[in-house]
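The following exercises concern one protein structure. Please study the sequence and the model before reading each worked solution.

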Amino acid sequence: MNQTPPAASRVRPPRAGQSKGQWAVDGKTPLNHNEEFKAEENPLNVRQRIIDVYSKQGFDSIPDDDLTGRFRWLGIYTQRKPGIDARQTSKLDAGQLSDKYFMMRVRIDGKHLSLEQLRVLGSIGVDFTRDTADVSDRQNIQYHWIRIEDVPEIWRRLESVGLSTTEACGDTPRGFLGSPVAGIAADEIIDPTPTIKAISERWIGDEQFTNLPRKFKTAVTGHPSLDVVHEINDISLVGVVHPELGPGYDLWVGGALSTTPRLAERLGAFVSEQDAVEVWAGVCGIFRDYGYRKLRTKARLKFLLAEWGAEKFRQVLEDEYLGRTLPDGPAPAKAVGDADHIGVYDQKDGRKYVGFAPTVGRLSGTLLNQVADLAEAAGSGRISFTPHQKLLVLDVDPDKVDALVEGMEAIGLTAHPSPFRRATMACTGIEYCKLAFVETKGLAGRTITELEQRLDDVELKRPISLNINGCPNSCARIQIADIGLKGQLAGDDFAFQVHLGGGLASSDREEAGLGRTVRGLKVTAEDLPDYVERVTRSYLDNHEGDESFAEWAHRAEEDALR
């Protein structure tokens with residue numbers, strides 16, 4: 001693997017000589033209102049006000065800086081008010097778009113959830129959220145329709161089983177991605193569980209990192225499939241074997257998508273399990289102290305890395321934050337196996353784990369409870385979620401796999417999905433999101449069903465990933481999909497801008513790269529099944545040898561992609 005994958009960045013470094021709001025350079029004077037309310041107090045202090053005041057006095061008692069600002073530090077956002085025309089998305093402010101109900105994220109941090117924890121998550125969905133519960137591509141559970149009056153009881157239930165919403169959102173170290181098969185996979189390089197646990201216990205909720213320039217995303221894996229999308233996180237620790245020091249991690253920094261995507265870079269440093277907590281805190285500290293706070297559109301770590309480069313970033317990390325030099329280390333080997341873990345696999349203890357595909361991550365409280373019952377009947381005591389909106393049942397007795405698969409199929413969760421049901425992702429979309437222009441999850445479900453019928457006559461050697469996003473912010477990773485769709489306002493109507501040929505390192509792809517766009521190509525929701533069928537058949541008719549869809553899409557003439 002090269003240090004910087006091709007087509008890795010659309011981020012430009014800032015102009016020299018301008019104040020960028022870096023604490024270590026420009027001082028800590030707040031340069032915008034977001035920085036002002038963070039400086040006034042630790043945003044996590046709002047928790048007690050929610051418990052003592054807002055849950056008792058109701059929604060209208062909440063001041064704006066708490067409602068649209070500090071609530072995020074507890075994983076809570078207002079959701080979109082129903083009935084607002086999508087044309088108003090960019091015209092109304094957040095208050096006008098907001099309903100009096102909340103979205104809530106529960107941070108999982110890559111943990112394997114016990115059946116007790118799963119049933120608590122299910123009970124919250126049934127009792128408080130109109131039976132909503134989606135698996136996000138950050139391995140979180142996301143609820144909707146939450147009333148402020150119910151938040152303390154939801155927290156009580158979560159905390160009774162060791163779960164939390166602390167720093168699930170906000171300018172904080174948000175929920176970590178961890179290999180969903182950590183500690184159990186037969187082909188694991190290193191178990192990241194102790195590392196994730198140690199970082200989380202030491203730093204989540206610590207005031208040193210509750211005021212970052214913006215969000216800070218972490219991914220840790222020891223699995224050879226590279227199953228935590230490490231190239232698009234602010235910091236990633238990727239399992240490798242050092243020829244002298246043994247198993248540990250390769251350090252990547254500065255990845256993120258949104259409207260200015262940039263793939264992470266290797267620093268070339270080897271991180272032992274013993275050093276991982278300190279190195280993580282060092283990278284987070286660099287972001288806190290040197291990240292750009294003046295403009296929120298430039299406040300992610302990727303912009304600092306674009307200015308500094310990997311060599312300077314490593315030097316500052318070692319000199320100012322660690323006080324020692326990290327050993328050089330190897331890059332991750334080429335990925336082996338499927339990163340989504342769909343299907344039946346061997347565990348190192350002789351049991352099995354089975355991966356299932358919810359349709360674009362959509363579950364419910366009722367379904368979570370049903371999954372717990374089916375897992376228990378199969379001899380399992382725990383499940384995990386994946387960064388691909390999937391669900392795994394772990395520790396399954398080999399002689400009970402078939403019964404589990406059959407039972408899960410009956411509730412709409414399949415271990416043998418069609419290519420598009422397996423490889424389609426979608427963000428929340430206009431159903432609940434204040435930033436969205438178009439529907440996503442419902443559209444994705446209908447499109448998958450249509451494609452399963454239309455393309456029943458073809459065989460795809462590899463699934464073609466289809467990622468649908470309701471706005472330009474790329475929560476559904478449009479730039480790294482085979483077919484990525486960005487919802488936007490097009491004149492007086494709505495359409496998707498199409499990105500083609502993106503992807504991350506996988507068993508089918510040596511290096512990550514961003515997708516290309518085709519001039520003038522816009523696809524409406526109504527035409528989406530037609531377009532995906534057309535471009536899929538064009539690929540099947542015109543690809544050469546074992547060429548993947550992404551390889552073909554990058555070399556094809558534009559007419560073949562329309």
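**Exercise 1.** How much space lies in the second largest pocket?

*Solution.* The model is predicted: local features need pLDDT of at least 70, side-chain atom pairs count only at pLDDT 80 or more, and totals for chains, interfaces and linings use all residues. Residues are numbered from 1 along each chain as its sequence is written, and side-chain values use heavy atoms, with hydrogens and water left out.

Step 1. A pocket is an open set of points on a 1 Å grid over the protein atoms alone, where a 1.4 Å probe fits, with protein on both sides within 12 Å along at least five of seven lines. The second largest pocket holds about 1000 Å³ of space.

Step 2. Its lining (residues with an atom within 4 Å of a point) comprises 46 residues, and P463, S465, D482, S506 and D508 are the closest to the centre.

Step 3. Helix 17 contributes the most to this lining, with four residues.

**Exercise 2.** Identify the buried residues of helix 7 and state how they are arranged.

*Solution.* Step 1. Helices are DSSP runs (H or I, at least four residues) and strands likewise (E, at least two), numbered from the N terminus. Buried means under 20% relative accessible area with a 1.4 Å probe, protein chains only.

Step 2. In helix 7 (residues 151–160), V151, I154, W155, R157 and L158 are buried. Down the helix axis they fall within an arc of 165 degrees (taken from the directions from the axis to the C-beta atoms), so they line one face of helix 7.

Step 3. Their cover includes helix 3 (46–57) and helix 6 (115–128).

Key: Buried < 20%, exposed > 50% of the residue type's maximum accessible area, 1.4 Å probe, protein only. Contact = heavy atoms within 4.5 Å. Points joined across faces, edges and corners; volume = space filled by probe spheres on them.
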